[in-house]
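Here is a short report on one protein chain. Please look over the model before reading on.

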Amino acid sequence: MKPEKNRGSFTKRRVKMKIESFKIKMLNFLTKKDKACREEHPMDLKEVFSKFAEGGSQMNKDQLLRFIEEQQGDSISAEEDLDKIVEDFFVARSCSSSSKTRSAKFPDVYSKEGLTLNDFVDFLLLHDFNAALNDKVHHDMNAPMSHYFMYTGHNSYLTGNQITSESSDAPIIEALKQGVRVIELDLWPSKSATKDGIKVVHGRTFTSPVAVRKCLQSIKEYAFYKSDYPVILTLEDHLKPKHQDKFAEMAFEIFGEMLYCPPTEPLTEFPSPESLKKQIIISTKPPKEYQQSDSISKSKAGPNGCENPEEQFLELKLSDSVSKMITGDKNASGADRENINTTNSILNKQVVLRYKHLITIHGGKSKGSIKDQLKDDTKVKRLSLSEKKLKSASESHGADLIRFTQKNILRVYPKGERVKSSNFRPHLGWMYGAQMVAFNMQGHGKSLRLMQGMFRANGGCGYVKKPEFIIRTLPNDEVFDPKKPLPVKQILRVKVYKGDGWRLDFSPTHFDRFSPPDFYTKVCIVGVPADCVKKRTVAKMDTWYPVWDEEFKFDLRVPELALLRIEVKDEDKGKDDFAGQTCLPVTELRQGFRSVPLFDPKGKKLKSVKLLMRFKIETINNL
């Protein structure tokens, strides 16, 4: 019995010790939390406030306007606009639980007294006005499509891995909402009793299919949700002629006037994104029957880029009867229906021509040597290479790749071994001018974050103008060589001041159970190999409101392809906890003090978390 009493006594002592330890940790946690709220503002912010407030304790309207124009390099069109911006700022801050103790009375505080230092710092964190990137389309959109990087998806219908996941229109919808402009569909004949007889599925795998009609209807509904610039459907076609004809009928029925109708002959130059706004474009290999025939006649071009020979499909495309039927016009008569039925009867005799006339961007042959595939031709085309083949080609035919992409379109897709839908580093394609670097949008990770970062450029429209040195041939018939040693072209200085918002977006025990987080920030450049570098701040211990006040310098040789990758983590003894990330194109950065919102691992914007940073760019004259 004695040993049992000893065990019971020992157990009680352990419980008592754990309770005391818990009390100490909680007291320590509360003490640290109170201390964290008393972090001071960085010296730079105090100095710039004092400078423009002319030594006063408040900054008035005229002083704030001068700060915006002189320090930030921004412009305000009218005094009323500035009033509205600041008023919106006070209203937004009054809605924040972390700022309820501060005054939010706009007329009294701003009009009569001005902004305090605390107000000023919070104003700098206002993303709607102090964003790091321009949210408008500002690139020249009138060049041929081959002059742009395009936000491109791979196997866009898959919800998960490449072998056993389900196919659905849901990932297509999500991709279009994010601004993706190139959607891939794999078309196969369907043995089911559906009237269409076509399914979308990753062939020769255990993935489940989805009806092609459902995919096309979702594409129509969401194609221009984020951007008005053209959506391109790249088709991996495993259909027989009768199914190709059925797909053509379906595409025209669903898309109507959205469907771009190309000229009869293959293009010698691609049209511009500007000229194709609100249009859906088809890209695939032409039918074999068409490739073997040179008997297609030429004729005068008509509306919408179409030609009007005897080929009745184009007359159908442009006819008033069809337009009435598609738009549900109540004035559509029996004669209109009869016209359509008659024309359909004629078209059924022209299966190959009908499907062929959907194709704007012709897929080229992927057989033969890489040298043969990259040969120049009078007709423009799209060539698809796996990441493996591109890497191999870049080592032996780098110059040929760039020359090819100056006129044609190159699509690069993940290697077959990426069964978990992971992705490769996109710069592998961008450095050689590849317009379509096709990514698994469900394959979340660092590579996809780089892709998302690149296409935050140009207002997030899904088209980014390629650097001029990739588009044009250099003197002496040379082309850009990303492996060649290059001089420093720009110096980027990035200063990380402070972070805020974690207390609003995360639970008190999300990072550490008994103490506030120990945040640090990683600041990296990803681009051509010579520009890639990683840096980080120190960890700020036990605070939800970290103030780092650290500056980093980056020497950039090819800033046009450089991305600034930012990630915040909570330092732990084991694996550090993720606390937010973003990726920004360097050439798009707005200089000055900027608010930088952070995103979750999948690229979804966190509601409140943001960093206050400053960007300075110095261009080096190497002449």
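## Helix α6

The buried residues of α6 are D119, F120, V121, D122, F123 and L124. This is a predicted model. Helix α6 spans residues 117–124. Six of its eight residues are buried, so the rest of the structure largely encloses this helix.

## The chain overall

The protein chain has 623 residues, and 52% of them count as buried. Its secondary structure comprises 21 helices and 19 strands.

Among contacts between residues at least 6 apart in sequence, 72% join residues at least 24 apart. The chain exposes about 29,700 Å². Carbon and sulfur atoms supply 50% of that area.

T207 lies in a loop. That loop runs between β3 (198–200) and β4 (210–211). Is T207 buried or exposed? T207 counts as buried, because its relative accessibility is 8% and the cut-off for buried is under 20%.

The side chain of T207 makes a polar contact with the side chain of T205, at 2.8 Å. Leaving aside residues up to four places away in sequence, T207 touches L158, N161, Q162, I163, T164, S165, S167, V201 and H202.

## A nonpolar surface patch

I163, one of the residues that T207 touches, also belongs to a nonpolar surface patch.

V419 sits in the loop between β9 (409–413) and α18 (427–430). Its relative accessibility is 34%, so V419 counts as partly exposed.

## Cysteines

How many disulfides are there? The count comes to zero. C524 is in no disulfide. Its nearest cysteine sulfur belongs to C583, 9.5 Å away. A disulfide would need the two sulfur atoms within 2.5 Å.

C524 counts as buried, because its relative accessibility is 2%. C215 is buried too, with a relative accessible area of 0%.

Conventions
Residues are numbered from 1 along each chain as its sequence is written. This is a predicted model: local features need pLDDT of at least 70, side-chain atom pairs count only at pLDDT 80 or more; totals for chains, interfaces and linings use all residues. Side-chain values use heavy atoms; hydrogens and water are left out. Helices (H or I, at least four residues) and strands (E, at least two) are DSSP runs, numbered from the N terminus. Buried means under 20% relative accessible area, exposed over 50%, partly exposed in between (1.4 Å probe, protein chains only). A polar contact is a pair of N or O atoms within 3.5 Å; within protein, one must be able to donate a hydrogen and the other to accept it, and residues adjacent in sequence count only if both atoms are side-chain atoms. Contact means heavy atoms within 4.5 Å. Patches are made of residues with over 30% relative accessible area and no salt bridge: like charges are joined within 9 Å, nonpolar side chains (Val, Leu, Ile, Met, Phe, Trp, Tyr) within 5 Å. Accessible areas come from the Shrake-Rupley method with a 1.4 Å probe; for residues, only the protein chains shown count as cover. A salt bridge is a side-chain nitrogen of Lys or Arg within 4 Å of a carboxyl oxygen of Asp or Glu.
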